[in-house]
Amino acid sequence: MTKLPRSLDAIEARVLGSLLEKAQTTPDYYPMTLKALVAACNQKSNRDPVMDLDEDDVLRTLERLKRDVMVWRTPGARAERWSESITRRLELSDAQRALIAVLLLRGPQTTGELRTRTERLHSFADLAAVESALEALTTGAEPILVELPRQPGHKFARWMHRLGDPEALEALIKAEPVSVSTPAPPLEKRTPLTPRVESLEQQVETLQQQVEALQRELSELKEQLGA
């Protein structure tokens with residue numbers, strides 16, 4: 001894989017993430033016009049944080065990315081259209097492209113969250129398929145992803161892309177691991193989790209994320225219908 005020429009700032013990550021996402025979810029409207037891309041960047045759903053960018057913000061960002069050959073501009077009959085080129089530069093598969101898109105748009109996420117949130121972009125057969133795609137992006141001389149330390153109160157570690165601010169990423173990587181304040185039970189009383197139980201816990205988390213996604217989509221539909 002060929003690393004990108006430089007680190008991305010927050011707006012560049014949002015623009016590239018939006019292009020990657022829409023290339024997979026709405027291919028009939030891709031490459032994207034500037035107006036459509038602005039709307040995609042400012043979506044209130046599937047974005048963290050929510051941004052309020054205008055056309056000048058996005059156009060300036062596109063011009064910077066174009067100079068580094070991370071996006072392409074295509075003349076159109078009515079308006080210029082834009083597409084991303086990092087899929088080819090990073091030699092991403094469809095599965096990897098879906099993961100990178102969601103990580104650019106929403107920041108660090110667990111394996112279960114990623115499986116749920118990439119469903120519209122790419123269908124993973126199971127969590128093992130997600131993990132396989134993630135691990136492939138952590139190998140090589142210049143890994144694109146990193147697994148972060150678990151947060152306090154969370155059972156599963158999160159994954160993060162390495163395409164943004166290196167100092168901010170380093171702070172996340174060096175975060176203190178989870179500490180347990182309560183004393184551990186004696187060894188003879190501990191009941192280790194079997195792989196099946198761990199798998200079930202992960203599936204429960206995935207189902208919770210799917211319910212949350214459906215609730216958000218229902219709320220958006222009600223807003224569109226004026227309900």
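## Basis of the model

Two strands pair if DSSP finds at least two bridges between them. This is a predicted model, in which local features need pLDDT of at least 70 and side-chain atom pairs count only at pLDDT 80 or more, while totals for chains, interfaces and linings use all residues. Residues are numbered from 1 along each chain as its sequence is written, and side-chain values use heavy atoms, with hydrogens and water left out.

## Overall content

The protein has nine helices and six strands. Helices (H or I, at least four residues) and strands (E, at least two) are DSSP runs, numbered from the N terminus. Of its 227 residues, 39% count as buried; buried means under 20% relative accessible area, exposed over 50%, and partly exposed in between (1.4 Å probe, protein chains only).

Contact means heavy atoms within 4.5 Å. Among the contacts in the protein with a separation of 6 or more, 59% come from residues 24 or more positions apart.

## The sheet β1-β3-β2

Three strands form an open sheet in the order β1-β3-β2, with antiparallel pairing. Because β1 and β2 stand at the edges with a single partner strand each, one side of each is left without a neighbour in the sheet. In general, strands of a sheet pair through backbone hydrogen bonds, either parallel or antiparallel.

Strand β3 (residues 81–84) is joined to β1 by two bridges, and the two run antiparallel. Thr 33 has Arg 81 of β3 as its bridge partner. On the pairing with β2 (residues 71–74), four bridges link that strand to β3, again in the antiparallel sense. Here Thr 74 stands opposite Arg 81 in β3.

Which residues does Glu 80 contact, leaving aside its neighbours within four places in sequence? They are Met 32, Thr 33, Leu 34, Arg 73 and Thr 74. Glu 80 itself is placed in the loop between β2 and β3. It is partly exposed, with a relative accessible area of 40%.

Met 32 and Glu 80 are 48 residues apart along the chain, yet 8.2 Å separates their C-alpha atoms.

## Helix α2 and its packing

In helix α2 (residues 34–41), the buried residues are Leu 34, Leu 37, Val 38, Ala 40 and Cys 41. Seen down the axis of α2, these buried residues fall within an arc of 160°, so they line one face of the helix. The arc is that of the directions from the helix axis to the C-beta atoms. The buried residues of α2 pack against α1 (10–25), β1 (32–33) and α3 (55–67).

The axes of α2 and α3 come within 10 Å and cross at roughly 105°. That makes α2 roughly perpendicular to α3. Axes are lines fitted to C-alpha atoms, for helices over the stretch in contact, and angles run from 0 to 180 degrees between N-to-C directions; angles under 35 degrees count as roughly parallel, over 145 as roughly antiparallel, 65 to 115 as roughly perpendicular and the rest as oblique. From α2, the contact involves Leu 34, Lys 35, Leu 37 and Val 38, and from α3, Glu 55, Val 58, Leu 59 and Leu 62. By class, the contact of α2 with α3 has six nonpolar, no polar and two charged residues (Ala, Val, Leu, Ile, Met, Phe, Trp, Tyr, Cys and Pro count as nonpolar, Asp, Glu, Lys and Arg as charged, and the others, Gly among them, as polar).

## The sheet β4-β6-β5

A further open sheet of three strands has the order β4-β6-β5, with antiparallel pairing. Its edge strands are β4 (109–110) and β5 (145–147), each of which pairs on one side only. Between β4 and β6 there are two bridges in the antiparallel sense, and Gln 109 has Trp 159 of β6 as its bridge partner. Strand β6 (residues 158–161) and β5 pair over three bridges, in the antiparallel sense. In this pairing, Trp 159 of β6 is the bridge partner of Glu 147, and Leu 145 stands opposite His 161 in β6.

Is β6 covered on one face or on both? Both faces are covered: Arg 158 and Met 160 on one side, and Trp 159 and His 161 on the other, are all buried. Helix α5 (residues 94–106) lies across β4, β5 and β6, and runs at about 90° to β6.
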